Amino acid sequence: MLLSLVVHTYSLRYWFPATIMLGTAPAYLLSWGAWRLLSTVLPARVYHKLDDRLYSIYQTMVLFFFENYTGVEIVIYGDIPKNKENVIYLSNHQCTADWIIADMLAIRQSAIGHVRYVLKDGLKWLPLYGWYFSQHGGIYVKRSAKFNEGAMKKKLLSQTQSGAPMYLVIFPEGTRYNPELKNVIADSQAFATKEGLAVLRHTLTPRMKASHIAIETMKSHLDAVYDITVAYEGTLDASGQRRPAPSMPEFLCKECPRVHIHFDRVDIKEIPPEPVFFRRWLHERFEIKDRLLTDFYESEDADKICRFPGEGKPSPLNLSKTIPSVMILGGLTLPLLLTENGRKLYVRTWVYGTLLGWLWVNIFP
């Protein structure tokens, strides 16, 4: 009896926030859909401005749960610019919570509405979210020979030509680094050896295509590349071996006490345009990440283990930045659930929104 109560209480730690985040999605989509219809006769710049504002409301609500609710401490190494910039965010990739880390940095620049993602193609099938991310400027890509370079360029150009602010998140590894998937790591290291590149131990060998296309297509629109290295505290076992990073449910269950984020700003003018030199530049950036993560996980100095070199500054997120979004989305959702017609509209939004979204992202990639 006691054990079942403990398990139930533990599950509520992520079911409660998950229910709120998923439950407010139809109301959010209806609000966005109304604006999309109204904005069809307006300039694209006007549409993007309010779309970014609506997006920031939803994502800020998400951060209420991932930061304020969990109580996780965010420690930042390096100075984040105070002013908004048009940037590409390049990071190592370990778990599904990595997407939230990008939001955490963006909100500290008041740029969370500008966040757009380069996502693997399979994620476009997510109910509601898969379609909306595409509408907000997200780009779905396939790996290797199936990569559609033309579609990515077209999508990026449509965004920049309309003047949309850009905070484009890319994970160049292409898949998540999991220390338990030895075969994935071995294949990545074998590829690096074959190509004459340095072998990496705590990241996978980065793929260059999406990053190179994004930078070259938007070069005149971009200010910088944000080179981000993320490490989750609590991912060393008793023997000192690295464990997998927390999943979103584990993160929401408060199993990650601290996230360490190393920030480095690279001016867009410093990045070589030629593919062969860009590939070398990108790999060198990941060599730096690998050294940072090696220090984090393997340092023999007790004062340096589980931290990056340099001064790490805790960066708490004030409740005043997130609570208003929770109240706004809650206020939009509750009226739908309190009446029979509202509940029908709510369900139809989930069903028809999902079906139409699946069709849309495949017909208009």
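## An enclosed strand

In this predicted model, strand β2 is largely enclosed by the rest of the structure, because 5 of its 5 residues are buried. The burial concerns both faces of β2, with Val 87, Tyr 89 and Ser 91 buried on one side and Ile 88 and Leu 90 buried on the other. In a regular strand the side chains alternate between the two faces of the sheet.

Strand β2, which spans residues 87-91, has parallel partners in β5, to which it is joined over 4 bridges, and in β6, to which it is joined by 5 bridges. Within these pairings, Leu 90 stands opposite Ile 170 in β5, whereas the bridge partner of Val 87 in β6 is Ala 224.

## The sheet as a whole

Strand β2 belongs to an open sheet of 8 strands with mixed pairing, in which the order is β4-β3-β5-β2-β6-β7-β1-β8. The edges are formed by β4 (139-141) and β8 (312-314), each of which pairs on one side only. On average, and with direction ignored, neighbouring strands of this sheet are turned by 25° against each other.

Further along the order, β1 (residues 73-77) pairs with β7 (residues 258-267) in the parallel sense over 5 bridges, and here Ile 74 stands opposite Val 259 in β7.

## Helices across the sheet

Two helices that lie across β2 also lie across several other strands. Helix α4 (residues 98-107) lies across β1, β2, β3, β5, β6 and β7, and runs at about 165° to β3, while helix α8 (residues 209-217) lies across β2, β3, β5 and β6, and runs at about 165° to β5.

Helix α8 also meets helix α10 (residues 275-298), the two axes coming within 11 Å and crossing at roughly 115°, in a crossing that is right-handed. Their contact brings Ser 211, His 212 and Ile 215 of α8 to Pro 275, Phe 278 and Leu 282 of α10, and by class it has 4 nonpolar, 2 polar and no charged residues.

## Confidence of the prediction

The chain averages a pLDDT of 87, and 91% of the residues score at least 70. Among the elements of the chain, β6 has the highest mean pLDDT (98), and helix α12 (residues 340-363) has the lowest (61).

Technical notes. Residues numbered from 1 in each chain as written. Predicted model: local features only at pLDDT ≥ 70, side-chain atom pairs only at ≥ 80, totals over all residues. Heavy atoms only, no water. Pairing = 2+ DSSP bridges. Axes fitted to C-alpha atoms, helices over the stretch in contact; angles between N-to-C directions. Contact = heavy atoms within 4.5 Å. pLDDT = per-residue confidence, 0-100. Left-handed = near helix turned anticlockwise from the far one by under 90°. Nonpolar A, V, L, I, M, F, W, Y, C, P; charged D, E, K, R; others polar. Buried < 20%, exposed > 50% of the residue type's maximum accessible area, 1.4 Å probe, protein only.
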